[in-house]
Amino acid sequence: LLRPISEIALAAKLRTMQRLVLMRSSLLSLTRKLDAANQELIRISSSDGLTGMANRRYFDEALSIEWRRARRHSNPVAVLMCDVDFFKLYNEAYGHLAGDACLRSIAARLGTVARRPGDLVARYGGEEFVVVLIDCDLQQTRNWAERIRAQIESRKIRIQGHSIHVTVSIGIATSSDSELDPAINAADSALYLAKRSGRNQVHVCTEESCVGM
């Protein structure tokens, strides 16, 4: 403002600056809200609505990234395919709400395995889950898988009208191959063998053979 300063001009200038400050504050607040909404949208789109674990879409994207990172550093990677045994019978006996609670409980147990950066637990579909462990050798992976299997078996989730309990079958695969698909296919084959051999078992497929525990 030029001297002599007009009281009217000064008041008008102050009002203008106040409006600009308020507009800037509103814009910053709106930006923060949009960022929070975007983060929540990402979380929802990458999570399974029932179990809270990663969903299949996020698994496919994240695993590819972690797999390449592990290979660059020559770290071992293990894939565990887990399927809930007799889940259809459990659903029929107790209803879908009880079945949902059962899946959430099992997902929580699996979540205790993947605690390090890069590890991942995801709902693969239906009553099937997949666990990826980074920098975990075959023996460590076997130990984790057997511990989870035993924990779920010990809960003795009985199915009404049947002499069986809800358990899990687990297939494990490790591979030095630079490709991702062979490891997933091998873990799926190991899971198939665990189911075919009587369920409630852990089977391992290496590059040489498939064995059970």
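**Close-up 1. Packing of helix H3 against helix H4.** In this predicted model, helix H3 (residues 87-94) packs with H4 at an angle of about 135°, their axes lying 7 Å apart, where axes are lines fitted to C-alpha atoms over the stretch in contact and angles run from 0 to 180 degrees between N-to-C directions. H3 is therefore oblique to H4, since angles under 35 degrees count as roughly parallel, over 145 as roughly antiparallel, 65 to 115 as roughly perpendicular and the rest as oblique. Phe-87, Tyr-90, Asn-91 and Tyr-94 of H3 make the contact with His-96, Ala-98, Gly-99, Cys-102 and Leu-103 of H4, contact meaning heavy atoms within 4.5 Å. By class, six nonpolar, three polar and no charged residues take part in the contact of H3 with H4.

**Close-up 2. Packing of helix H4 against helix H5.** Helix H4 (residues 96-111) and helix H5 (residues 138-154) pack at an angle of about 150°, with axes 10 Å apart, so H4 is roughly antiparallel to H5. The crossing of these two helices, H4 and H5, is right-handed, as the near helix is turned clockwise from the far one by less than a right angle. From H4, the contact draws on Ile-106, Arg-109 and Leu-110, and from H5 on Ile-148, Gln-151 and Ile-152, which by class amounts to four nonpolar, one polar and one charged residues.

Close-up 3. The structure holds one cavity of 30 Å³ or more, a cavity being a set of points on a 1 Å grid over the protein atoms alone where a 1.4 Å probe fits but cannot get out. The volume of the largest cavity is about 40 Å³, taken as the space filled by probe spheres set on the points. Its lining, counted as residues with an atom within 4 Å of a point, consists of Leu-80, Cys-82, Leu-110, Val-113, Val-131, Trp-144, Ala-145, Ile-148 and Ile-170. Strand E1 (77-85) and H5 are the elements that give two or more residues to this lining, and H5 gives the most, with three residues.

Residues are numbered from 1 along each chain as its sequence is written, and side-chain values use heavy atoms, with hydrogens and water left out. Local features need pLDDT of at least 70 and side-chain atom pairs count only at pLDDT 80 or more, whereas totals for chains, interfaces and linings use all residues.

Conventions:
Helix = DSSP H or I, 4+ residues; strand = E, 2+ residues; numbered from the N terminus. Nonpolar A, V, L, I, M, F, W, Y, C, P; charged D, E, K, R; others polar. 1 Å grid on protein atoms, 1.4 Å probe; cavity = no way out; pocket = protein on both sides within 12 Å on 5 of 7 lines; lining within 4 Å.
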